[in-house]
Structures are given as C-alpha cells and as structure tokens.
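Here is a short briefing to read alongside the model. Please keep the 3D view open as you go through the points.

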Amino acid sequence: MPAHVLYGDSYLVPNRLVNLIAESGASNVLEANRHRLLASEVNPDELVSMSNALPFMDDYRLIVVEGLLSVTESRSRGRRRSSSSESSMVAQWQPIKETIPQMPQTTILIFIDGTVAANNPMLRILKPVSEVEELSAPSGEALARWVKSTVENKGTSISPAAIRSVTDLVGNDLWTLNQELEKLSLYCSAREIKDSD
C-alpha cells in the first residue's frame, strides 16, 4: 500500500519513518517532491490534490503528515465526543479514504503521530486503506531485548545484570535509554558493558 500510518512512542516512530522511507526507495527524492505537513497546516482538499499529483522529474512523491490523528482526537475530546461533531470531522476527511486507493503508485503518503486511542476518528478512516503500525515502547523482556540489540548496533555487548540495572534506572524512555547506552558503549569501547559501569 502506498499509504502508511505510524503512531506511538516518540523514539520509535521517527526511527521507523526513516527506515520506511529507505525501504520504499524514496530516500533520495528531489526536494520538490518531499512534503512534510503539520496537522495545523493541512486541509483535506490540499492533501487529496497533493496525493494525486505525479512526481516532478523523479520516481516518487513523498508526503509526511504529522499530528493529524492527535488533532482530530483532541477536537472530538474537546467537544465531549458529540456524535454530530465527530460525524462532521469524519465527513471532512472522508475524501482521503477514497483517494488513497486511487493514488498513483509513485505517491508515498505517511501519517505519523504520538500515542492515540484505538477509537481515534482519523485512525478509523485510514485503517482500511493504509498499513497501520502502532509502535509502543517495549517493557519487560522485550525492553531487555531492545537494550541488547541497541548496544550490539553500537558495536559492543552488555551483560544481563547491566541490562537490568539500566532499565531499572531509566525505565522504558527510549530516548534516554539510547543516550545512556551510547555513553556506556563509548566508555566501555569494545568490551562488554558490566553492571559496575
């Protein structure tokens, strides 16, 4: 599918976005074919028009829409989730649901956001016509695996005791964890990171 929705953890979503762009082959598209839109700046008609446009002298047109799911969720929350206001919001964005399957294969449309509710109105519109990835911060054993993998990507290793210590101290804040693991990797150079480090 040429449309994707990435939402969840503030560390995982941007990293997945970079990987997704690389996987799609759109890493080196011309600046004229790259569009990053904030929710406050985008309207349905403009997005539909942009999504249907062919790329200019390139293989792809890349459109990243940031924060639209959160905006629609906060609007419906602010209006006490009245069915009429939610219906008008759904109706306003309905054209994008119909546009996505019709978009040229050269358009890559990606919606990115933070954590949103499962019943988010915009998520309900996009789910049937997009690849949706909820990227939640890992916990427990999954967090330990994430720490181990991250350290290995930095060119070193870490003991199980050190994994427990760092996750006990930092929790699952992946930004902070990544920074601390970077420091530990540099400090320990090529040797295994120990609990004492």
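**A helical salt bridge to start with**

Lysine 148 and glutamate 152 sit four residues apart in helix 6, which is about one turn of the helix; helices here are DSSP runs of H or I with at least four residues, strands are runs of E with at least two, and both are numbered from the N terminus. The two side chains form a salt bridge whose closest N and O atoms are 3.6 Å apart, where a salt bridge is a side-chain nitrogen of Lys or Arg within 4 Å of a carboxyl oxygen of Asp or Glu. This is a predicted model, in which local features need pLDDT of at least 70 and side-chain atom pairs count only at pLDDT 80 or more, while totals for chains, interfaces and linings use all residues. Residues are numbered from 1 along each chain as its sequence is written, and side-chain values use heavy atoms, with hydrogens and water left out.

**Overall build**

- The protein chain has eight helices and five strands, and from the N terminus on they follow the order β-α-β-α-β-α-α-β-α-β-α-α-α.
- Its C-alpha trace spans about 60 × 45 × 25 Å along the principal axes.
- Of the 197 residues in the protein chain, 45% are buried (buried is under 20% relative accessible area, exposed is over 50%, and partly exposed is in between, with a 1.4 Å probe and protein chains only).
- Contacts (heavy atoms within 4.5 Å) between residues at least 6 apart in sequence join residues at least 24 apart in 79% of cases.
- The accessible surface is about 10400 Å², and carbon and sulfur atoms account for 50% of it; the areas come from the Shrake-Rupley method with a 1.4 Å probe, and for residues only the protein chains shown count as cover.

**Aromatic pairs**

- Two aromatic pairs are present (rings of Phe, Tyr and Trp, the last by its six-membered ring, pair if their centres lie within 6.5 Å; planes under 30 degrees apart count as stacked, over 60 as edge-to-face and the rest as tilted).
- Tyrosine 11 and tryptophan 146 are edge-to-face, because their ring centres are 5.8 Å apart and their planes stand at 85°.
- Tyrosine 11 is in the loop between strand 1 and helix 1 and tryptophan 146 is in helix 6, so this pair ties together parts 135 residues apart in sequence.
- Both tyrosine 11 and tryptophan 146 are buried.
- Tyrosine 11 also pairs edge-to-face with tryptophan 175, with ring centres 4.9 Å apart and planes at 85°.
- Tryptophan 175 lies in helix 8, so its pair with tyrosine 11 ties together parts 164 residues apart in sequence.
- Tryptophan 175 is partly exposed, at a relative accessible area of 40%, whereas tyrosine 11 is buried at 11%.
- Tyr11, Trp146 and Trp175 form one aromatic cluster.

**Salt bridges**

- The whole structure holds eight salt bridges.
- One of them joins arginine 36 and glutamate 66, with the closest N and O atoms 3.1 Å apart.
- That pair links distant parts of the chain, with arginine 36 in strand 2 and glutamate 66 in strand 3, 30 residues apart.
- Glutamate 66 is partly exposed, with a relative accessible area of 31%.
- In helix 8, lysine 183 and glutamate 180 are three residues apart, about one helical turn, and their side chains meet in a salt bridge at 3.0 Å, N to O.
- A network of salt bridges links Arg16, Glu23 and Glu133.
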